[in-house]
Amino acid sequence: MSRRAYAPLAELRLTEHVAKLAEDHPPIPLDSVDFGVRRPREFEARFGHVLDYMARVELEVDRNVLELITMIPNPPELDRHFYADVWQPQEIQHGLILDRLQVELGRRPAETDLDSIGAKLRILGALSHIGAFQDVCRMLYYLTGMATERSAVLAYNLLHRGTLEMGETAIAHTVIGQIKRQEPGHYAYYQLAARALWSQLAGWQRWLVRLMRGISFAPVGANNNSQKADFGDVLASLGIAYDTNDFADQICRVEVELLWARKRGLKAPDYVTRALREAVDLARERAHLPHLHR
Ligand SMILES: [Fe+2]
Ligand SMILES: [Fe+2]
């Protein structure tokens with residue numbers, strides 16, 4: 001492939017951004033964390049399952065890296081450097097800290113899937129040996145990254161507030177506070193990358209991105225009905241189950257601007273609002289009919 005992965009100016013901005021992230025945000029040292037909880041039973045009852053969901057998603061970045069290697073076999077060096085050397089080490093540490101916290105609260109550690117790669121992804125990966133198709137997969141990766149990181153920013157902000165409200169200041173400051181500071185930089189990377197690549201894509205590539213995004217969108221970490229219901233529970237505990245449309249608008253603002261703005265205004269696309277509502281519905285259904293679910 002002789003084409004550049006990014007236009008020179010975009011590449012410069014992204015390079016500087018990654019260097020700054022690496023410098024300002026080393027993985028959080030475990031000895032900087034205070035796991036002291038004043039009222040463990042109450043805290044576990046309110047936020048234990050939220051910690052579990054987030055710990056799992058953070059730890060599953062190991063699988064996400066395998067998925068990236070499969071789906072984007074020849075990544076731009078800048079992307080590879082970002083996800084392998086900066087992003088993954090930060091996220092894993094988030095996962096380890098949150099998982100340790102839930103164990104401290106008497107819960108079982110998160111059940112993670114660290115290595116299964118679906119057949120669909122392998123097919124995409126095979127097609128991605130064609131450079132122009134790989135750019136379609138790259139765009140899907142940046143869109144997923146934006147929605148995921150924005151969800152993380154919002155969720156950690158709400159969890160931080162809730163933790164402070166409960167008077168758990170050690171957890172709020174040294175666990176959630178430290179983690180939440182590292183998420184906006186991830187979001188910024190994907191946003192810069194998405195804007196840069198979108199401006200380079202041809203009409204047929206954009207068409208394919210829209211099509212595939214609509215088919216494949218899922219809330220972060222929600223890959224089956226049980227995980228979707230778990231996600232719905234998280235939304236409920238963070239107080240966003242009644243306003244999923246607003247949450248949807250916030251997690252895909254740039255996606256809407258790039259992919260859909262002219263057709264739909266600034267509202268989130270249906271595939272996002274529908275997926276969030278489905279998660280909330282599945283959680284409610286499970287709460288009422290637990291015997292239908294494992
Ligand atoms: Fe994280
Ligand atoms: Fe992140």
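Q: What is the handedness of the crossing of H2 and H9?
A: In this predicted model, helix H2 and helix H9 make a left-handed crossing.

Q: And at what angle do the axes of H2 and H9 cross?
A: The axes cross at roughly 130° and come within 9 Å, with H9 covering residues 225–237. An angle over 145 degrees would count as roughly antiparallel and one of 65 to 115 as roughly perpendicular, and H2 and H9 are therefore oblique to each other.

Q: Which residues of H2 and H9 meet there?
A: From H2 the residues are Arg46, Phe47, His49, Val50 and Tyr53, and these meet Asp230, Phe231, Asp233, Val234 and Ser237 of H9. By class, this contact of H2 with H9 holds 5 nonpolar, 2 polar and 3 charged residues.

Q: Now for H10 and H12: which hand does their crossing have, left or right?
A: The crossing of H10 and H12 is right-handed. The axes of H10, residues 244–251, and H12, residues 270–288, come within 9 Å and cross at roughly 135°, and the two helices are therefore oblique to each other.

Q: Which residues make the contact of H10 and H12?
A: On the H10 side they are Thr244, Asn245, Phe247 and Ala248, while H12 brings Val272, Thr273, Leu276, Arg277 and Val280. The residues of this contact divide into 5 nonpolar, 3 polar and 1 charged.

Q: Switching to H3, which of its residues are buried?
A: In helix H3, which runs over residues 61–71, the buried residues are Val61, Glu67, Leu68 and Met71. Seen down the axis of H3, they fall within an arc of 100°, so they line one face of the helix.

Q: What covers the buried residues of H3?
A: The cover includes four helices, namely H2 (40–59), H4 (77–104), H5 (119–127) and H6 (131–165).

Q: Why does Val256 count as partly exposed?
A: Val256 has 19 other C-beta atoms within 10 Å, and a residue would need 20 or more to be buried and 12 or fewer to be exposed, so a count in between is called partly exposed.

Q: What does Val256 touch, leaving aside residues up to four places away in sequence?
A: Val256 touches Ala261, Leu266, Ala268 and Pro269. For one of these, Pro269, the separation from Val256 is 13 residues in sequence and 7.1 Å in space, taken C-alpha to C-alpha.

Conventions: Residues numbered from 1 in each chain as written. Chains lettered and ligands numbered in written order. Predicted model: local features only at pLDDT ≥ 70, side-chain atom pairs only at ≥ 80, totals over all residues. Arc of directions from axis to C-beta. Contact = placed C-beta atoms within 7 Å. Axes fitted to C-alpha atoms, helices over the stretch in contact; angles between N-to-C directions. Parallel < 35°, antiparallel > 145°, perpendicular 65-115°, else oblique. Left-handed = near helix turned anticlockwise from the far one by under 90°. Nonpolar A, V, L, I, M, F, W, Y, C, P; charged D, E, K, R; others polar.
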